[in-house]
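Trainee: Could you walk me through this model, one contact at a time? I would like to see how each label is decided.

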Amino acid sequence: MSASVSESPLEVPVATPTEPGRRPRSGPRPRPGLALAVIAGCNAMIQLDDPIMNIALPGIRADLGLSALVSSWVIGAYLLSFGGLLLLGGRAGDILGRRRMFVAGVGLFTAAAAARAGVTGGEMLIAVRVVEGAGAAFAAANGFVLMLATFPEGPARKRAIALCTAVGASSTAGGLLLAGALGSVGSWRWLVLLNVPVGLAIVLLAPRVIAETERVRGRFDLRGTLLSAAGLGAVVYGLSQAGEHPWSSARVAGPLLAGLALLSLFIGSQRRTDQPIVRLALFKDRNRALAFGSMLVLPGALIGAYFFLSQFFQQHHGWSALTAAFALLPVPLAMAATAASAPRIERALGPKPMMAIGATALAVENLWLAQLRYEDPYLTGVLPSLVLLGAGMTFCVVPATVLATSGLRPQELGSAGSVLNALQAIGGSLCIALLVTASAGYADFADTMSAGFTTGAGFAATGLLIALALRPGPTKPSGRSRASRVSR
């Protein structure tokens with residue numbers, strides 16, 4: 001960020017709205033800069049857990065003697081718990097206090113991350129992963145909303161979103177290197193402890209630097225909670241199985257159909273309840289709805305690079321896990337570098353042109369990698385596309401996040417943040433499932449990779465269409481005149 005900008009996040013006062021039916025916040029005077037560092041650290045910790053488990057899983061299978069089915073549940077159990085409890089985590093923060101639920105979620109996640117290093121069997125590991133996913137859901141849902149509550153809407157919040165993106169990308173880059181090093185020379189039990197010190201630091205710091213939010217005097221919608229948890233969990237799990245089983249199989253079609261049916265019932269229930277988990281009126285604003293939709297397709301333009309190139313480097317070039325991690329570093333580094341200037345670019349161009357440029361860059365990058373062959377050198381055949389990928393993702397993610405969270409009243413932030421996180425979870429699972437399906441059946445890995453990256457270009461093209469459909473100008477604010485409509 002430029003030093004010439006006078007509205008530094010460190011100097012922005014925290015908004016403290018007082019509304020009827022809300023309890024006042026308690027705790028120490030908030031420290032926005034440190035609060036953002038803690039929230040960004042939590043985001044990076046959760047993001048890093050997936051590559052940690054993927055790197056550690058071969059060693060876990062060999063050491064514990066896990067079958068292919070149990071191994072799939074080690075990943076699936078986490079996804080099921082995480083995806084299913086995101087909306088509940090956001091609602092719990094509204095009623096019980098977002099900082100409280102954030103710290104509780106991080107503590108649960110950290111305890112489970114530490115416990116998995118001592119597991120002695122597959123069933124115990126699956127149980128630990130369920131707990132870990134629940135902690136991640138509560139931490140992610142409330143951490144994002146705490147960031148929105150800490151920085152008032154405007155330039156300060158845009159810089160906070162960009163900085164959070166940059167810190168997450170930079171932390172992921174360093175974590176990938178460390179995970180690759182430990183995966184190459186150390187035991188998997190040391191590798192899965194990588195997140196524990198970060199989690200402990202967050203649990204200790206969060207109560208000291210993050211202000212508690214006002215609590216809503218409300219009740220939990222039990223029916224909506226059960227329907228959303230079961231529906232989202234089933235959809236995410238069904239999609240996670242599509243990489244190894246046909247879409248028509250009971251392992252995939254069964255959870256997907258059940259999940260979609262439950263989510264349909266959930267939407268119907270939210271229309272009839274006075275205190276919904278998700279405020280459906282959030283989707284009435286065109287730009288916000290399109291921003292939400294972009295979160296479903298953006299992962300498809302990114303996942304292929306990690307999924308296919310990691311195999312390409314290790315299996316077909318014989319590189320170690322550490323060397324492969326180094327080779328993928330340009331993606332998070334480019335994201336971090338671009339995020340630093342993203343608020344200025346968004347202010348100069350506007351969200352619609354910025355997202356359109358980013359989606360175009362993602363489409364070009366995926367089509368570039370679709371032509372990759374074994375003999376292509378890294379410096380000219382791969383590196384430029386990875387830089388383009390990182391920059392393109394930032395150009396899409398930052399303005400989409402700003403649009404999805406603009407024009408909201410304080411009591412709407414929890415619902416919007418939970419929806420955003422839930423769509424990202426579903427989008428990630430959907431995109432990897434479609435990428436694997438599109439690339440299956442090829443004898444040569446170069447053809448497999450080409451089909452996968454071509455599919456990634458399709459996701460990017462969909463993101464471009466979403467960007468072009470945006471209305472110019474800011475998202476309409478949610479004022480008092482709309483209060484009765486937004487409450488339902």
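Mentor: Gladly, and let's start with terms: axes are lines fitted to C-alpha atoms, for helices over the stretch in contact, and angles run from 0 to 180 degrees between N-to-C directions. Helices (H or I, at least four residues) are DSSP runs, numbered from the N terminus. This is a predicted model, where local features need pLDDT of at least 70, side-chain atom pairs count only at pLDDT 80 or more, and totals for chains, interfaces and linings use all residues. Residues are numbered from 1 along each chain as its sequence is written, and side-chain values use heavy atoms, with hydrogens and water left out.

Trainee: At roughly what angle do the axes of helix α2 and helix α8 cross?

Mentor: Two packed helices are described by the angle between their axes and the distance between the axes. Helix α2 covers residues 68-96 and helix α8 covers residues 222-241. Their axes come within 7 Å, and the crossing angle is roughly 145 degrees.

Trainee: How many residues in the contact of α2 with α8 are charged?

Mentor: Contact means heavy atoms within 4.5 Å. Among the residues making it are Trp73 and Leu80 of α2 and Leu232 and Tyr237 of α8. Ala, Val, Leu, Ile, Met, Phe, Trp, Tyr, Cys and Pro count as nonpolar, Asp, Glu, Lys and Arg as charged, and the others, Gly among them, as polar. The contact divides into 11 nonpolar, 9 polar and, for charged residues, none.

Trainee: Is Thr448 buried or exposed?

Mentor: Thr448 sits in helix α17 (residues 445-469). Beyond its neighbours within four places in sequence, Thr448 is in contact with Phe308, Ser439 and Tyr442. Buried means under 20% relative accessible area, exposed over 50%, and partly exposed in between (1.4 Å probe, protein chains only). Because its relative accessible area is 12%, Thr448 is buried.

Trainee: What kind of aromatic pair do Phe307 and Phe308 make?

Mentor: Rings of Phe, Tyr and Trp (its six-membered ring) pair if their centres lie within 6.5 Å; planes under 30 degrees apart count as stacked, over 60 as edge-to-face and the rest as tilted. Phe308 is buried at 1% relative accessible area, while Phe307 is partly exposed at 31%. Their ring centres are 5.0 Å apart and the planes stand at 85 degrees, so the pair is edge-to-face.

Trainee: And what about Phe313 and Trp319, which kind of pair is that?

Mentor: Phe313 and Trp319 belong to one aromatic cluster with Phe312, Tyr374 and Tyr378. With 4.8 Å centre to centre and 15 degrees between the planes, the Phe313 and Trp319 pair is stacked.

Methods: Helices (H or I, at least four residues) and strands (E, at least two) are DSSP runs, numbered from the N terminus.
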